[in-house]
Amino acid sequence: GINAEYGQIDAIAYSPDGKQIAVGSHDNFVYLFDSSNLKGEYTATGRCTGHSSFITHLDFSEDGKIIQTTSGDYEHLYWETETGEQITSSKDQRDTNMASYTCILGFPVCGIWPIGYDGTDINSLCRSKDGKLLVTADDFGLVNLFRYPCCN
């Protein structure tokens, strides 16, 4: 298993092929693990460093080579899963297809934010499996449905 020595875990996801796990921690890091061992003995393979606050959401790209993350201070960053290195040009990731979409920030979800909302008001987001819809949950008890992508 994964040891809790990393502190509070706020986000976790398997890669699309199931061979890697990304763990978003409250210590501002994303930890990468090899999960190909069927006995559940996961081996640490990397650590993504660069966020200034705790990790809130994370998603793998469809090919499993990239992770996108959001943090408590509203950063939206990208990482190479093989090395854990930050991809500093987010505009180059604009068309990256994500296997899931739970990050509350990013090009295809910028239209989910109503006027007057701040960065803490939307708590969770999930894209439908067919990639056509988004659902969000907010501080006001509302569940909102959008078409995906939602850019305006």
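Guide: Two strands are taken to pair if DSSP finds at least two bridges between them. The model discussed here is predicted.

Visitor: What makes strands S9 and S10 a pair?

Guide: Strand S9 (residues 122-127) is joined to strand S10 (residues 133-138) by 5 bridges.

Visitor: What lies between S9 and S10 in the hairpin?

Guide: The hairpin has 5 residues between S9 and S10. In the turn, Gly131 adopts a positive phi of about 75 degrees.

Visitor: How many disulfides are counted, and why?

Guide: The count is 0 disulfides. A disulfide requires two cysteine sulfur atoms within 2.5 Å. For Cys150, the closest cysteine sulfur belongs to Cys151 at 6.9 Å, and is therefore too far for a bond. For Cys151, the closest is that of Cys110 at 4.7 Å, which is likewise too far.

Visitor: Why is Cys150 called buried, and what is Cys151 called?

Guide: Buried means under 20% relative accessible area. Cys150 has 7% relative accessibility and therefore counts as buried. Cys151, at 46%, is partly exposed, because that class lies between 20% and 50%.

Visitor: Which residues are closest to the centre of the largest pocket?

Guide: The largest pocket has a volume of about 160 Å³. Of its 13 lining residues, Arg94, Thr96, Asn97, Pro108 and Tyr148 are the closest to the centre. The lining comprises 6 nonpolar, 4 polar and 3 charged residues.

Notes:
Residues are numbered from 1 along each chain as its sequence is written. This is a predicted model: local features need pLDDT of at least 70, side-chain atom pairs count only at pLDDT 80 or more; totals for chains, interfaces and linings use all residues. Side-chain values use heavy atoms; hydrogens and water are left out. On a 1 Å grid over the protein atoms alone, a cavity is a set of points where a 1.4 Å probe fits but cannot get out, and a pocket is an open set with protein on both sides within 12 Å along at least five of seven lines; lining residues have an atom within 4 Å of a point. Grid points are joined across faces, edges and corners, and a volume is the space filled by probe spheres set on the points. Ala, Val, Leu, Ile, Met, Phe, Trp, Tyr, Cys and Pro count as nonpolar, Asp, Glu, Lys and Arg as charged, and the others, Gly among them, as polar. Buried means under 20% relative accessible area, exposed over 50%, partly exposed in between (1.4 Å probe, protein chains only). Helices (H or I, at least four residues) and strands (E, at least two) are DSSP runs, numbered from the N terminus.
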